[in-house]
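This report describes one protein model, moving from single residues to the overall fold. Please keep the structure in view while reading.

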Amino acid sequence: MLRQVKPRNARSKRALEKREPKAIENPKNCLFLRGTSCSQIVQDALNELYSLRLPLAKKFTKKNPIHPFEDATSLEFFSEKNDASLLVFGSSQKKRPHAMTFIRTFGYKVLDMLELYLDQETFRTMAQFKNKKFAIGLRPMLLFAGTAFESPVANEFTLAKSMLIDFFKGEPADKIDVEGLQYIISVTAEDTSGDGDSKPAIHLRAYMINTKRSGQKLPRVEVEEIGPRMDFRVGRVKEADESMLKEAMKKVRGLEERTKKNIVTDSMGDKIGRVHLERQDLKELQLRKMKALKRSRNAEEDLVDDVIAEDVKRIKQ
């Protein structure tokens with residue numbers, strides 16, 4: 001554990017205040033590490049993910065004797081030392097070749113972990129795709145395809161979806177400029193119906209978005225693969241502790257807009273208001289005077305004759 005440091009000057013005090021819990025948290029930094037035994041393929045994959053994560057990323061080049069699922073104290077130390085909420089650890093062993101472990105922390109304590117095994121046969125780097133690349137710091141659009149990601153019960157694939165969303169989310173933005181939407185990251189899970197107990201593989205692809213003239217108001221959109229190309233198999237999983245996850249999911253009061261009575265927002269973002277009125281008496285309803293609704297003179301004379309005839313009949317009786 002790190003010792004408690006007291007600020008000696010204003011600059012160190014500001015640095016400590018920056019790391020304190022806030023109502024609106026800072027963007028998550030990601031730390032990339034490698035183990036004592038790490039293959040060149042995993043190192044290249046870490047470099048590719050590091051370039052996708054910039055500028056909110058930091059990478060260590062030295063080897064670290066870390067075993068995440070056996071002892072996570074070193075990871076927690078590096079997380080607090082570098083103020084990183086996300087970590088990616090690469091290692092390679094005979095039993096678990098080309099392994100990449102995605103780690104999330106809360107309060108500099110390990111929250112959950114997911115181990116993915118990289119397929120060396122299908123792995124391709126961005127340098128192997130000779131085409132235009134996106135600018136650093138842009139946020140990608142994310143696409144998840146596959147029934148495994150839509151499971152109502154939490155499993156390793158729903159955890160992988162949550163991990164990858166956190167990894168590629170980047171800095172929060174109130175408004176989005178269409179010019180900044182330059183590339184898309186697609187994550188697909190294979191459909192393994194009828195394959196027994198085998199788990200579906202996860203395919204990660206990155207595409208550049210190109211808009212071309214279509215002769216209409218809306219342009220024609222085409223995508224071109226720019227790399228990296230990665231295929232994963234799901235390995236070990238460490239799920240989050242229930243009490244720790246509940247604490248991490250807490251929201252600060254006062255940030256959310258208070259709901260107003262009888263005002264709702266529909267799926268399109270439009271506000272709809274409901275107005276309550278007293279019950280209306282239709283007898284007092286003011287209608288437009290029309291000639292067609294007026295009684296004719298002949299009709300009034302016939303009505304008077306009928307009334308006189310009824311009175312004479314009643315007198316005789």
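In this predicted model, Phe157 is in contact with Ala148, Phe149, Lys199, Pro200, Ile202 and Val234, leaving aside its neighbours within four places in sequence. Phe157 belongs to helix α4. Its relative accessible area is 5%, and because buried means under 20%, Phe157 counts as buried.

Ser186 is buried, at a relative accessible area of 11%, whereas Thr188 is partly exposed, at 29%. Not counting residues up to four places away in sequence, Thr188 touches Ala145, Phe149, Ala201, Ile202 and His203. Phe149 and Ile202 are also among the contacts of Phe157. With neighbours within four places again left aside, Ser186 is in contact with Leu143, His203, Leu204, Arg205 and Tyr207. Leu143 is 45 residues from Thr188 in sequence, and their C-alpha atoms are 8.1 Å apart in space.

**Strand β1**

Is strand β1 enclosed or open to the outside? Six of the six residues of β1 (residues 30-35) are buried, so the strand is largely enclosed by the rest of the structure. In a regular strand the side chains alternate between the two faces of the sheet. In β1, Cys30, Phe32 and Arg34 are buried on one side, and Leu31, Leu33 and Gly35 are buried on the other. The strand pairs with β2 (residues 57-64) in the parallel sense, over five bridges. Within this pairing, Arg34 stands opposite Lys63 of β2.

**Cavity and pocket**

Rolling a probe the size of a water molecule over the atoms shows where empty space is left. The count comes to one cavity of 30 Å³ or more. The largest cavity holds about 40 Å³ of space. Cys30, a residue of the buried strand β1, is one of its lining residues; the others are Leu86, Leu87, Val88, Phe102, Ile103, Arg104, Met163 and Phe167. At least two lining residues come from each of β3 (86-91), β4 (99-106) and α4. By class, the cavity lining has eight nonpolar residues, no polar residues and one charged residue.

The second largest pocket contains about 400 Å³ of space. It is lined by 23 residues, of which Gly137, Leu138, Arg139, Pro140 and Lys169 are the closest to its centre. The elements giving two or more residues to this lining are α2 (40-53) and α4 (156-168). Its lining divides into 14 nonpolar, three polar and six charged residues.

**Backbone geometry**

Most residues other than glycine have a negative phi, and most peptide bonds are trans. The table lists exceptions in this model.

| Site | Feature | Value |
|---|---|---|
| Leu54 to Pro55 | cis peptide bond | omega near 5° |
| Gly227 to Pro228 | cis peptide bond | omega near 0° |
| Asp83 | positive phi | about 55° |
| His98 | positive phi | about 50° |

Where do these sites fall? Pro55 lies in the loop between α2 and β2, and Pro228 is in the loop between β9 (220-225) and β10 (230-238). Asp83 sits in the loop between α3 (73-82) and β3, while His98 is in the loop between β3 and β4. Asp83 is partly exposed, with a relative accessible area of 22%. His98, at 13%, is buried.

**The whole protein**

How many helices and strands does the protein have? There are six helices and twelve strands. Of its 317 residues, 31% count as buried. The exposed surface comes to about 23,500 Å², and carbon and sulfur atoms supply 51% of that area. Among contacts between residues at least 6 apart in sequence, 66% join residues at least 24 apart. The pair Thr188 and Leu143, described above, lies 45 residues apart in sequence.

How values were computed: Residues numbered from 1 in each chain as written. Predicted model: local features only at pLDDT ≥ 70, side-chain atom pairs only at ≥ 80, totals over all residues. Heavy atoms only, no water. Helix = DSSP H or I, 4+ residues; strand = E, 2+ residues; numbered from the N terminus. Buried < 20%, exposed > 50% of the residue type's maximum accessible area, 1.4 Å probe, protein only. Contact = heavy atoms within 4.5 Å. Areas by Shrake-Rupley, 256 points an atom, 1.4 Å probe, with all protein chains shown as cover. 1 Å grid on protein atoms, 1.4 Å probe; cavity = no way out; pocket = protein on both sides within 12 Å on 5 of 7 lines; lining within 4 Å. Points joined across faces, edges and corners; volume = space filled by probe spheres on them. Nonpolar A, V, L, I, M, F, W, Y, C, P; charged D, E, K, R; others polar. Pairing = 2+ DSSP bridges.
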